[in-house]
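I set out to look up the sheet, the helices, the core and the ring pairs of one model. My entries follow the display.

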Amino acid sequence: MTDQTDQHVLLPEGTFTHEEACAVTAAYSNIAIEDDQGTHFRLVVRRDGELVKRYWNFEPDAGYWLNRGITDYGVKKQ
């Protein structure tokens, strides 16, 4: 049985919605939505304040690459 605290909140492998991005930002303290223009925006992963990954939500492989940043650097909110 897997401990729920070890589970990551992740995005779909490709493009993702604002709702899916909000679920990720609600779970992690170092992931944020930037340049929010309604239908398109960037999701940003930071480590110690420095940019690790940043992708627009409409990029074909954005979720795949951001998920790698989330699993490697995501800091879960308490």
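The entries below record what I looked up, by topic.

**Basis**

I note that this is a predicted model, in which local features need pLDDT of at least 70 and side-chain atom pairs count only at pLDDT 80 or more, while totals for chains, interfaces and linings use all residues. Residues are numbered from 1 along each chain as its sequence is written, and side-chain values use heavy atoms, with hydrogens and water left out.

**Sheet**

I took helices (H or I, at least four residues) and strands (E, at least two) as DSSP runs numbered from the N terminus. Two strands pair if DSSP finds at least two bridges between them.

I looked up the strand order and found an open sheet of 3 strands, E1-E2-E3, with antiparallel pairing. Strand E1 (31-34) and strand E3 (50-56) are the edge strands, each pairing on one side only. Neighbouring strands are turned against each other by 25° on average, direction ignored; axes here are lines fitted to C-alpha atoms, for helices over the stretch in contact, and angles run from 0 to 180 degrees between N-to-C directions.

I then checked the individual pairings. E1 and E2 are joined over 4 bridges, and Ile31 stands opposite Val45 in E2. Strand E2 (residues 42-47) pairs with E3 over 6 bridges, where Leu43 has Tyr55 of E3 as its bridge partner.

**Helices on the sheet**

For contact I used heavy atoms within 4.5 Å. Helix H1 (residues 18-27) packs on the sheet and touches E1 and E2, its direction making about 145° with that of E1. Helix H2 (residues 62-73) lies across E1, E2 and E3 and runs at about 155° to E3.

**Positive phi**

Which residue in the turn of the E2-E3 hairpin has a positive phi? I found Asp48, with a phi of about 50°, in a hairpin that has 2 residues between its strands. Most residues other than glycine have a negative phi.

For accessibility I used these classes: buried means under 20% relative accessible area, exposed over 50%, and partly exposed in between (1.4 Å probe, protein chains only). Asp48 counts as exposed at 76% relative accessibility. Asp35 also has a positive phi, about 50°, although it is not a glycine. Asp35 sits in the loop between E1 and E2 and is partly exposed, with a relative accessible area of 36%.

**Core**

I defined a nonpolar core as a set of buried Ala, Val, Leu, Ile, Met, Phe, Trp, Tyr and Cys residues joined through side-chain atoms within 4.5 Å. The largest such core has 12 residues, among them Leu11, Tyr28, Ile31, Leu43, Val45 and Leu66. H1, E2 and H2 are the elements that give two or more residues to this core, and H2 gives the most, with 3 residues.

**Single residues**

I looked up Thr25, which is placed in helix H1. Thr25 is buried at a relative accessible area of 16%, and, not counting residues up to four places away in sequence, touches Ile31, Ala32, Ile33, Leu43 and Lys77.

Leaving aside neighbours within four places in sequence, its contacts include Glu34, Asp35, Arg54 and Trp56.

Arg68 in helix H2 is partly exposed at 38% relative accessibility. The C-alpha atoms of Arg68 and Lys53 are separated by 9.1 Å, and the two residues are 15 residues apart along the chain.

**Ring pairs**

Rings of Phe, Tyr and Trp (its six-membered ring) pair if their centres lie within 6.5 Å; planes under 30 degrees apart count as stacked, over 60 as edge-to-face and the rest as tilted. My search of the whole structure gave 3 aromatic pairs.

One of them is the edge-to-face pair of Phe16 and Phe41, at 5.8 Å centre to centre with 65° between the planes. Phe16 lies in the segment before H1 and Phe41 in the loop between E1 and E2, so this pair ties together parts 25 residues apart in sequence. Both Phe16 and Phe41 are buried.

I also recorded Trp56 and Phe58, whose ring centres are 5.8 Å apart with planes at 25°, so the pair is stacked. Trp56 is partly exposed at 23% relative accessibility, and Phe58 is partly exposed with a relative accessible area of 48%.
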